[in-house]
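Please look over the model below before reading the points that follow. They are written for someone new to reading structures.

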Amino acid sequence: MPPDSLRTRRADGATIGPDAARVRACQVWKGASVLRVLVVEDEPTISAAVRTALTASGHAVDVADDGLEAIAWEASYPYDLLILDVVLPGLDGFGVCARIRERGSSVPILMLTALDQLQDRVTGLDRGADDYLVKPFAMAELQARVRALARRQTQGRPPTLRVHDLELDPATGAVRRGGEPIELSVREFAMLELFARHPGHVFHRDRLIDKLWNADFSPESNIVEVYVRNLRRKVDGGRRDGLIQTVRGSGYRLRADGPPPP
Ligand code: CA
């Protein structure tokens with residue numbers, strides 16, 4: 001969990017809240033990875049545009065406008081990607097990149113540089129960035145680079161996840177139970193994928209919020225319960241061999257043991 005001061009500050013300054021989550025919930029999964037993204041940029045027009053574009057693609061996005069704040073956020077949440085500007089108050093993007101790598105984090109970093117200068121790009125890559133984009137950039141190119149970094153993360157994973165008679169294909173977004181297709185929203189799929197990659201593992205609700213939503217969602221939110229209820233309805237329906245289990249006082253899991261005999 002992040003320091004209380006960060007969470008409070010973020011919640012107060014939030015422009016994306018439950019309403020945006022409801023919008024995202026209506027988006028149907030189209031086969032792209034859902035990422036928890038930290039955008040580090042002190043120019044509000046740019047950070048807002050990036051956040052809007054990535055949120056529209058279903059990603060959970062936080063914004064930090066200061067280099068030191070970014071380091072604290074990165075240590076507090078399980079980000080899948082950092083989009084990092086170079087010129088920042090507090091600590092510049094090169095310094096942020098170096099500090100994060102020194103700490104042993106391998107989170108993919110896409111650096112934004114205002115200057116199309118060779119030395120900036122070399123410095124960024126040398127400090128541990130995975131890719132860079134020169135400002136001004138087209139949002140379509142940013143989205144393409146995000147997709148490429150996401151693909152790199154999922155290489156080597158088994159193409160289809162199978163738990164009992166449930167099948168998920170993260171590449172296409174297809175979900176079947178007993179051969180019957182199931183249509184899930186972006187975030188429902190992300191939650192089910194997390195469960196299916198760790199059958200039997202109990203996920204505490206705070207961990208699910210940290211992984212699947214941005215920092216605007218407080219631990220008091222009932223968003224996890226709402227999504228688990230929807231998933232259970234779609235995946236388990238009226239079946240007596242329900243796969244999605246509540247572990248009282250601990251959280252939720254996908255059952256690892258075999259379903260009861262018919
Ligand atoms: Ca800047």
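**Notes on the model**

1. Five of the five residues of strand 1 (residues 36-40) are buried, so strand 1 is largely enclosed by the rest of the structure. A residue counts as buried if 20 or more other C-beta atoms lie within 10 Å of its own, as exposed if 12 or fewer do, and as partly exposed in between, with C-beta atoms placed from the backbone. Helices (H or I, at least four residues) and strands (E, at least two) are DSSP runs, numbered from the N terminus.

2. A word on the source. This is a predicted model, in which local features need pLDDT of at least 70 and side-chain atom pairs count only at pLDDT 80 or more, while totals for chains, interfaces and linings use all residues. Residues are numbered from 1 along each chain as its sequence is written.

3. Both faces of strand 1 are covered: R36, L38 and V40 are buried on one side, and V37 and V39 are buried on the other. Strand 1 runs parallel to strand 2, and five bridges join them. Two strands pair if DSSP finds at least two bridges between them. Within this pairing, V39 stands opposite V63 of strand 2.

4. What does L38 touch, leaving aside its neighbours within four places in sequence? L38 is in contact with D62, A64, A70, W73, E74, Y79 and L82. Two residues are in contact if their C-beta atoms, placed from the backbone, lie within 7 Å.

5. For the chain as a whole, there are ten helices and eleven strands. Buried residues make up 33% of its 262 residues. Of the contacts with a separation of 6 or more, 63% are between residues 24 or more positions apart.

6. The largest nonpolar core has 60 residues, and V37, L38, V40, I83, L84, M111 and L192 touch the most other members. A nonpolar core is a set of buried Ala, Val, Leu, Ile, Met, Phe, Trp, Tyr and Cys residues joined through C-beta atoms within 7 Å. Helix 8 gives the most to this core, with six residues. Domain 1 (18-154) and domain 2 (161-254) both give residues to the core, so the core lies between them. The domain bounds come from an automatic or database domain assignment.

7. The axes of helix 8 and helix 10 come within 10 Å and cross at roughly 85°. That makes helix 8 roughly perpendicular to helix 10. The contact is made by R187, E188, M191 and L192 of helix 8 and by Y227, N230, L231 and V235 of helix 10. Axes are lines fitted to C-alpha atoms, for helices over the stretch in contact, and angles run from 0 to 180 degrees between N-to-C directions. Angles under 35 degrees count as roughly parallel, over 145 as roughly antiparallel, 65 to 115 as roughly perpendicular and the rest as oblique.

8. In helix 9 (residues 205-212), the buried residues are L208, I209, D210 and L212. Their cover includes strand 2 (60-64), helix 8 (186-197) and helix 10 (223-236).

9. Strand 6 pairs with strand 7 (residues 166-169) in the antiparallel sense over three bridges. Here V163 stands opposite L166, and R162 stands opposite E167. The hairpin of these strands has two residues between them, and H164 takes a positive phi near 55°.

10. Strand 7 and strand 8 (residues 174-177) run antiparallel and are joined by four bridges. L168 has V175 of strand 8 as its bridge partner. The hairpin of strand 7 and strand 8 has four residues between the strands, and G173 takes a positive phi near 85°.

11. H201 lies in the loop between helix 8 and helix 9. H201 is partly exposed, with 14 other C-beta atoms within 10 Å. Its C-alpha atom is separated by 8.2 Å from that of A256, 55 residues apart along the chain.
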